[in-house]
Amino acid sequence: SRPQGLAVDRDDRLYVADAVNHRIQIISPEGKVERTWGEVGSRPGELRYPYGLAFDAQQRIYVAEFGNSRVSVFTPDGRFLATFGGPGRSPGEFDHPWGVNVATGGEIYVADTMNYRIQKFPPLFA
């Protein structure tokens, strides 16, 4: 319900931010749903309105959570690794982030929608 963001992994599987269902769907190159992960909530590893998706070079997936005003990071199979941000207007905080991207050097860019800015972060993993 309301597919919001898309990312493609190295094996050409499509990851879909299924925003209103608070989950990520993984679709095979043939168009079949392989699996889903995620459940609604605000604890680490839970999702609230996932909007943006991006992979880093190690295939970790970054999820911009519009509803939790944070970015969470998972393995491709949905195992939670980390989160950063949180509600607010100060640097490092978000007001309903809409998108995320990871540059080739690992820098993370977040579309901080209601703060009307793009924020840049250093690589999260060494």
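I began with terms: helices (H or I, at least four residues) and strands (E, at least two) are DSSP runs, numbered from the N terminus. This is a predicted model, where local features need pLDDT of at least 70, side-chain atom pairs count only at pLDDT 80 or more, and totals for chains, interfaces and linings use all residues. Residues are numbered from 1 along each chain as its sequence is written, and side-chain values use heavy atoms, with hydrogens and water left out.

**Entry 1: fold.** I looked up the elements. The chain has 11 strands and zero helices. From the N terminus I read β-β-β-β-β-β-β-β-β-β-β.

**Entry 2: size.** I checked the C-alpha trace, which spans about 45 × 30 × 25 Å along its principal axes. Next came the radius of gyration, taken over C-alpha atoms; the globule rule is 2.2 Å times the number of residues to the power 0.38. For 126 residues a compact globule would come out near 14 Å, and the chain's 13 Å agrees with that.

**Entry 3: burial and contacts.** I sorted residues by relative accessible area: buried is under 20%, exposed over 50%, partly exposed in between (1.4 Å probe, protein chains only). Buried residues make up 46% of the 126. I then took contacts, meaning heavy atoms within 4.5 Å. Of those between residues at least 6 apart in sequence, 36% join residues at least 24 apart.

**Entry 4: charges.** I counted Lys and Arg as positive and Asp and Glu as negative, without His and the chain ends. Each charge is placed at NZ of Lys, CZ of Arg, CG of Asp or CD of Glu. I found 14 positive and 15 negative side chains, and the centres of the two sets lie 3 Å apart.

**Entry 5: rings.** Rings of Phe, Tyr and Trp (its six-membered ring) pair if their centres lie within 6.5 Å; planes under 30 degrees apart are stacked, over 60 edge-to-face, the rest tilted. How many aromatic pairs does the whole structure hold? My search gave nine. Y51 and F66 are stacked, because their ring centres are 4.5 Å apart and their planes meet at 15 degrees. Y51 sits in strand β5 (residues 50–55) and F66 in the loop between β6 (61–65) and β7 (70–74), 15 residues apart. Both Y51 and F66 are buried.

Y51 also pairs with W98, edge-to-face, at 4.8 Å centre to centre and 70 degrees between the planes. W98 lies in strand β9 (residues 97–102), 47 residues from Y51. Is W98 buried or partly exposed? At 41% relative accessibility, W98 is partly exposed, whereas Y51 is buried at 5%. Last, I noted one aromatic cluster of W37, F74 and F80.
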